[in-house]
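Look at the sequence and the model below.

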Amino acid sequence: MSQISPMELEKLTEYLTAHVTGFQGPIQLEKFTGGQSNPTYKVTAKSGCYVLRSQPKGKLLKSAHAVDREYRVLNALKNSRVPVPEVFHLCEDKTLIGAMFYLMEFCDGQVYWDAALKKIDSNTVRTKMYDAMNRVLVDLHQLDIQTCGLSDYAKPGNYFQRQFTRWSSQYRASELQKNTAMDELNLWLEDNLPADDGRICLVHGDFRLDNMMFHQQKPEIIAVLDWELSTLGHPFADLAYQCMQLRMPQGMGTIDGLQGINRASLGIPSEQAYVESYCRRMNLGQIDNWSFYLAFSFFRLAAIAQGIAKRASQGNASSKDAAKAGAFVEPLALMALDIINKENIGVSSY
């Protein structure tokens with residue numbers, strides 16, 4: 001799609017003009033850099049700026065790149081406390097540009113890829129930005145899924161059991177070579193799945209700094225992006241996933257983690273303080289099985305990285321750096337196993 005022909009561009013313009021109120025061409029497409037999953041483009045048209053987000057072309061893993069689900073959840077959240085871009089149209093006809101896509105509002109904000117927020121020159125602002133993420137996560141998990149029309153957004157049953165089954169299957173389907181650490185992690189997770197405690201909410205699935213768009217001048221989130229992995233699930237999955245990202249080293253993938261960084265010197269809360277803020281807002285006590293939630297987050301991210309590497313080997317990945325993703329699978333699994341080993345000496349809850 002980055003090499004869309006003049007004829008295809010004309011067809012796309014005609015289609016959007018016919019299906020989006022007020023849309024007027026001509027249009028120009030500019031692919032956003034960063035990210036690995038769904039190709040995303042800035043659409044500059046006579047009627048204004050928009051964002052077009054599509055599936056990758058080529059054969060896709062089952063249930064992956066679900067831009068139709070993403071469109072549905074964004075539409076459902078339009079009047080909620082969770083800030084999201086307005087969506088205008090979903091095109092499920094893959095013949096138009098070779099993939100399913102949707103059109104949404106262009107939000108003029110700032111995305112940060114560095115968890116240490118080095119571009120921010122104020123500790124106070126960094127503190128407020130992390131607090132804003134914490135507050136938005138709580139707002140998300142406190143949404144009434146019935147009122148939002150999302151009560152059927154996922155299959156019933158134990159969330160972690162469903163997710164483990166899904167990502168184990170995805171990993172095996174995209175495995176390029178044997179990985180002993182992933183095999184060991186897979187077995188441990190299967191043997192240590194927590195019992196279903198009945199908690200259920202809308203989970204983002206990829207809740208991290210670079211999926212937040214901040215106001216240009218204020219430490220406020222104006223849009224939560226990339227809902228491809230959203231589902232109905234367990235709130236601790238999102239919380240642990242974000243903490244997992246912050247535990248990662250710098251230079252590993254698209255976001256730099258905070259491993260080895262003195263958070264207090266930057267005004268960034270410790271993991272314990274961040275989790276405690278979340279629990280206070282959610283009116284929760286201690287979180288048991290924290291090591292499982294973290295280890296599962298590493299496993300899922302490793303499975304996603306393996307899928308990216310598989311697509312790269314087939315020539316249909318979105319990012320030019322996708323082939324590098326496979327190198328992250330083993331380190332992610334080893335980090336999870338390290339967390340599990342620490343559990344055996346009593347580091348298991350918050």
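Gln 245 lies in helix α7; helices (H or I, at least four residues) are DSSP runs, numbered from the N terminus. This is a predicted model, in which local features need pLDDT of at least 70 and side-chain atom pairs count only at pLDDT 80 or more, while totals for chains, interfaces and linings use all residues. Residues are numbered from 1 along each chain as its sequence is written, and side-chain values use heavy atoms, with hydrogens and water left out.

Gln 245 has a relative accessible area of 2%, so it is buried (under 20% relative accessible area, with a 1.4 Å probe and protein chains only). Apart from its neighbours within four places in sequence, Gln 245 is in contact (heavy atoms within 4.5 Å) with Arg 208, Ile 255, Gly 257 and Leu 301. Between Gln 245 and Leu 301 there are 9.4 Å in space, C-alpha to C-alpha, and the two are 56 residues apart in sequence.

Now turn to the cavity. A cavity is a set of points on a 1 Å grid over the protein atoms alone, where a 1.4 Å probe fits but cannot get out, and its lining residues have an atom within 4 Å of a point. Grid points are joined across faces, edges and corners, and a volume is the space filled by probe spheres set on the points. The structure holds 1 cavity of 30 Å³ or more. The largest cavity has about 40 Å³ of space, and its lining is made up of Tyr 159, Ala 237, Tyr 241, Phe 296, Ser 297 and Arg 300. Two or more lining residues come from each of α7 (235-247) and α9 (290-314). With 3 residues, α9 gives the most to this lining.

Methods. On a 1 Å grid over the protein atoms alone, a cavity is a set of points where a 1.4 Å probe fits but cannot get out, and a pocket is an open set with protein on both sides within 12 Å along at least five of seven lines; lining residues have an atom within 4 Å of a point. Buried means under 20% relative accessible area, exposed over 50%, partly exposed in between (1.4 Å probe, protein chains only).
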